[in-house]
Amino acid sequence: MGIQENKIKELEQDIVYLKKANEGIRHSLDEMSALQNMLKGIASLKDNSEIIKEFISIIRSFFQCSGYIYYRLSQEDLSFVSSYNDLIDDAYVQNLYDINESILTWILNEKQISTISASKEENKNSCLLAVPFLTVGQLLGVMLVQINSRADDLLTLQTREILQLAAGQASIAIENVILYENLREQNSDLEKMKKFTTNILESLINGVITFNGKREITHLNHNASVMFGISDINAVGRHYQQVLPKSLAEMVRILIEQTERDGFVMDYQMEFELPGGVTIPYGLSTSLLRDENEELSGITLIARDMTASRELQRLRDLDKLKDDFVSMVSHDLRSPLATIRAYIDTLVNRVDPEDVDSRTMFLKTIEDETHRLSSLVENMLDIASIESGKIQLECKHMHLDEIVNNVAKLCQMQTQIHTIVPDIALGLPKVNIDKDRMTQVIYNLVNNAVKYSPNGGEIRVKVFEKESSIRVAISDQGMGMKPDDMSRLFQKFYRINNAQTSNIGGTGLGLAIVQKLVALHGGKIEVDSVLSKGSTFTVILPVGGV
């Protein structure tokens with residue numbers, strides 16, 4: 001019996017021990033679960049002050065504390081800044097615990113939780129719990145917590161590990177807050193830059209449209225919408241062919257292909273008709289868009305209203321015309337007037353009334369200069385009438401034979417060293433022309449051929465049909481021209497200036513008038529010339545006329 005009773009007692013003792021152990025384990029599990037929840041709570045926080053408070057609550061679950069202060073490490077100058085505190089401050093810990101920058105740096109570099117005893121004897125019953133806050137990538141700061149206990153044997157291994165884990169979790173949360181704030185600032189800066197860029201694009205007087213690699217519109221400023229009559233508020237993100245007017249979409253397709261091939265397009269001219277029938281000239285320029293890796297990401301199109309530019313060019317042309325006119329008047333008007341005045345003065349005051357030969361010679365010179373002056377005035381009036389649109393053609397269907405033959409006879413009477421040969425094909429159709437104006441055209445061209453062939457030779461006036469047009473080609477065997485002179489030949493007041501032409505008279509308006517009169521007949525004029533060999537001017541008129 002005694003042995004059995006002893007065994008029963010031992011079993012009862014073991015049961016009591018196991019119950020206590022089980023309660024202890026359950027209590028530890030509850031504490032661990034609570035700690036785990038607190039750590040999860042820290043990880044979910046987005047405010048540093050809340051993270052600090054949550055961390056302090058974990059410390060309070062182990063110790064009785066009477067205040068804390070957190071020193072943040074400044075990333076700019078690596079100094080410590082007092083950021084959060086409760087009940088104790090910077091002056092307090094400096095005075096009672098001799099805390100300074102060196103000690104804080106040492107705590108952070110050691111990367112371990114440690115204790116700091118009070119420097120004064122009357123405060124030996126308290127200490128500071130020094131907790132470094134850091135992550136793998138960044139040193140953050142140091143937390144100092146005043147504990148109402150001596151530093152000796154304050155931290156057990158298990159407590160140290162738990163607090164180290166909590167400090168690590170709090171450090172990660174603080175780092176996340178820093179990253180979040182930096183990201184928010186970057187996003188704010190990007191948003192400001194985006195708005196700034198958008199404001200720039202919207203303030204441009206030019207229209208700007210950008211396309212991505214899929215030909216979708218990625219930006220469309222207000223001026224582009226107005227210039228091309230785009231009213232679709234959902235244009236961005238859609239393919240340009242679904243948004244742009246048909247004529248513009250086709251032009252954009254051509255420009256995109258050319259831009260992808262050449263890299264850019266400069267001031268491609270187009271006439272765009274707005275709703276209501278208003279036509280505006282635009283200059284379109286394009287260039288490639290590239291991303292940060294220099295990869296092609298899209299294309300930018302800039303549309304410029306050329307109305308002002310054309311008006312400015314017109315004013316410049318008028319200003320140049322005025323200068324040319326003044327220059328021409330100063331010479332070509334004064335010269336014949338001066339000659340006429342001089343000869344009249346001589347006739348009146350110096351020539352013997354009985355000297356018939358001298359008087360006849362002087363009167364002939366006055367007649368020539370008067371004719372020259374009259375020709376200049378007539379040319380000026382003609383060019384002014386044509387350019388102002390006041391000239392009216394009186395056209396009728398007729399053959400060119402009569403005009404060409406009459407001009408050839410007239411010009412042949414004015415020269416002894418040239419042979420003017422009409423060469424008119426048979427069976428040519430009629431053309432719709434103003435007889436007087438077309439006579440003026442052909443006379444000017446044949447007369448020029450005579451003037452610029454000072455050594456004589458044959459001047460052939462060939463009339464023939466080619467490519468549904470009637471052509472009049474006036475060929476000479478004269479001076480010919482350089483390519484540079486040919487390109488400027490039909491400009492008003494332009495005259496070839498060299499030693500050979502210095503003695504040849506003229507106003508520089510004849511060919512300009514010829515070109516404009518031919519254009520009024522729906523035709524055009526071409527020139528082919530070889531220096532020192534001769535020139536050919538060809539008037540091309542549509543069969544039937546305008």
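**Briefing on a predicted single-chain model**

Ser225 is located in helix 6, which covers residues 222–227, where helices (H or I, at least four residues) and strands (E, at least two) are DSSP runs numbered from the N terminus. The model is a predicted one, in which local features need pLDDT of at least 70 and side-chain atom pairs count only at pLDDT 80 or more, while totals for chains, interfaces and linings use all residues. Residues are numbered from 1 along each chain as its sequence is written, and side-chain values use heavy atoms, with hydrogens and water left out.

**The chain as a whole**

- The chain has 14 helices and 17 strands, and 37% of its 546 residues are buried, a term that means under 20% relative accessible area, with exposed meaning over 50% and partly exposed in between (1.4 Å probe, protein chains only).
- Among the contacts in the chain with a separation of 6 or more, 58% are between residues 24 or more positions apart, a contact being heavy atoms within 4.5 Å.

- Helix 5 runs over residues 157–203, and its 47 residues should span 69 Å at 1.5 Å a residue, which agrees with the 68 Å between its end C-alpha atoms; the expected span is 1.5 Å times one less than the number of residues.
- Buried residues of helix 5 include Thr159, Ile162, Leu163, Ala166 and Glu175.

- Val461 belongs to strand 14 and is buried, with a relative accessible area of 1%.
- Leaving aside neighbours within four places in sequence, the contacts of Val461 include Val404, Ile420, Val446 and Val472; Val461 and Ile420 are 41 residues apart in sequence and 7.4 Å apart in space, C-alpha to C-alpha.
- Tyr268 belongs to strand 8, residues 264–273, and is partly exposed, with a relative accessible area of 31%.
- With neighbours within four places in sequence left aside, Tyr268 is in contact with Met251, Leu255, Tyr282, Gly283 and Leu284; the C-alpha atoms of Tyr268 and Leu284 are 4.8 Å apart, although the two are 16 residues apart in sequence.

**Positive phi in loops**

- Asp98, in the loop between helix 3 (90–97) and helix 4 (101–110), has a phi near 55°, a positive value in a residue other than glycine, and is partly exposed, with a relative accessible area of 43%.
- Ser468, in the loop between strand 14 (457–466) and strand 15 (469–475), has a positive phi of about 60° although it is not a glycine, and is exposed, with a relative accessible area of 62%.

**The cavity**

- The count comes to one cavity of 30 Å³ or more, a cavity being a set of points, on a 1 Å grid over the protein atoms alone, where a 1.4 Å probe fits but cannot get out.
- The largest cavity holds about 40 Å³ of space, the volume being the space filled by probe spheres set on the points, which are joined across faces, edges and corners.
- Lining residues, which have an atom within 4 Å of a point, are His399, Leu400, Asp401, Leu428, Pro429, Lys430, Val431, Val463 and Ile470 for the largest cavity.
- By class, this lining has six nonpolar, one polar and two charged residues, where Ala, Val, Leu, Ile, Met, Phe, Trp, Tyr, Cys and Pro count as nonpolar, Asp, Glu, Lys and Arg as charged, and the others, Gly among them, as polar.

Key. On a 1 Å grid over the protein atoms alone, a cavity is a set of points where a 1.4 Å probe fits but cannot get out, and a pocket is an open set with protein on both sides within 12 Å along at least five of seven lines; lining residues have an atom within 4 Å of a point.
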